[in-house]
Amino acid sequence: MSLGRLARSGFTNTTITNPNQDHLKKNRTVVDLGDGSDVVYVARFLSPDRSWEWFDYLDKRIPWTRPSIRVFGRSCVQPRDTCYVASEEVPELKYSGYQPHAYSWDDFPPLKAILEEVHEALPGSSFNSLLLNRYKCGSDCVGWHADDEKLYGPTPEIASVSFGCEREFLLRKKPSKTSQEKASSSTSKGLKTKRPNQHQFMLKHGSLLVMRGYTQRDWVHSVPKRAKAKAVRINLTFRCVLTEI
Ligand SMILES: O=C(O)CCC(=O)C(=O)O
């Protein structure tokens, strides 16, 4: 299996090791969710100034749309703006009955620069697609879901970069019987320890959050509505779609 294929299959243990980005190592928080899932959070992944430059570019230049999607059999307008970018070899994406147009990385050069930063921070990663979200105000949100589609493989690494208004990102254990049982108690030196079934991150301007391992299989995540969020937030989620299954 090639290194790229190995990385896409999710079996590499990706760590932040770039010697030029020592601050990533020092400033990251790793939350072990148990059972082979974890989340890495770096609050100051990008400098605030560069992040504002990118925020302005993305806010103005991305062809944002707010599509109608199907949720529990009903059509509704997605409560946030979106756009999709993918490499040529990536098959078409469809979610909730919606098939977004796939723009090219060449259409938006700053996205290539951000992708490069993410790849440098996560050696072994090779993202080939990007979902962009724009939350214009506190009533824009994303509901509980997991990015557990087959096209991402069993243990996808998903890297999420945030710009602008800080918003809460919640993770909650899926209510599956077996995983719940495993999560509620784990044995350490003979003692039963409780692992929390919900985690919360305040995603800062210029931050990076990475979901790894079995996070998509065992957990759901959301960005809930927040009346106090008065400004625009832009989020980029880099993913790797399997092209040879
Ligand atoms: O905006 C975020 O931080 C999360 C976006 C998300 O969950 C998604 O695109 O699937």
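Tutor: Start with Arg233, which is buried because 23 other C-beta atoms lie within 10 Å; buried takes 20 or more other C-beta atoms within 10 Å, exposed 12 or fewer, partly exposed is in between, and C-beta atoms are placed from the backbone. By the way, this is a predicted model: local features need pLDDT of at least 70, side-chain atom pairs count only at pLDDT 80 or more, and totals for chains, interfaces and linings use all residues. Residues are numbered from 1 along each chain as its sequence is written.

Arg233 lies in strand S15, residues 233–239 (strands, E, of at least two residues, and helices, H or I, of at least four, are DSSP runs numbered from the N terminus). Leaving aside neighbours within four places in sequence, Arg233 is in contact with Tyr135, Ser162, Gly164, Cys165 and Arg167 (contact: C-beta atoms, placed from the backbone, within 7 Å).

Now hop to His221 in strand S14, residues 219–223. His221 is buried too, since it has 23 C-beta neighbours inside 10 Å. Beyond four places in sequence, its contacts are Phe169, Leu170 and Leu171.

Both Arg233 and His221 fall under the "binding site" annotation in the unreviewed UniProt entry, along with residues including Tyr135; such annotations use the numbering here, have shortened feature names and may be inferred rather than shown by experiment.

His221 is also among the residues surrounding the ligand, as are Phe169 and Thr237 (C-beta atom, placed from the backbone, within 6 Å). Strands S6 (129–135), S14 and S15 each give two or more residues to that shell.

Conventions:
Two residues are in contact if their C-beta atoms, placed from the backbone, lie within 7 Å.
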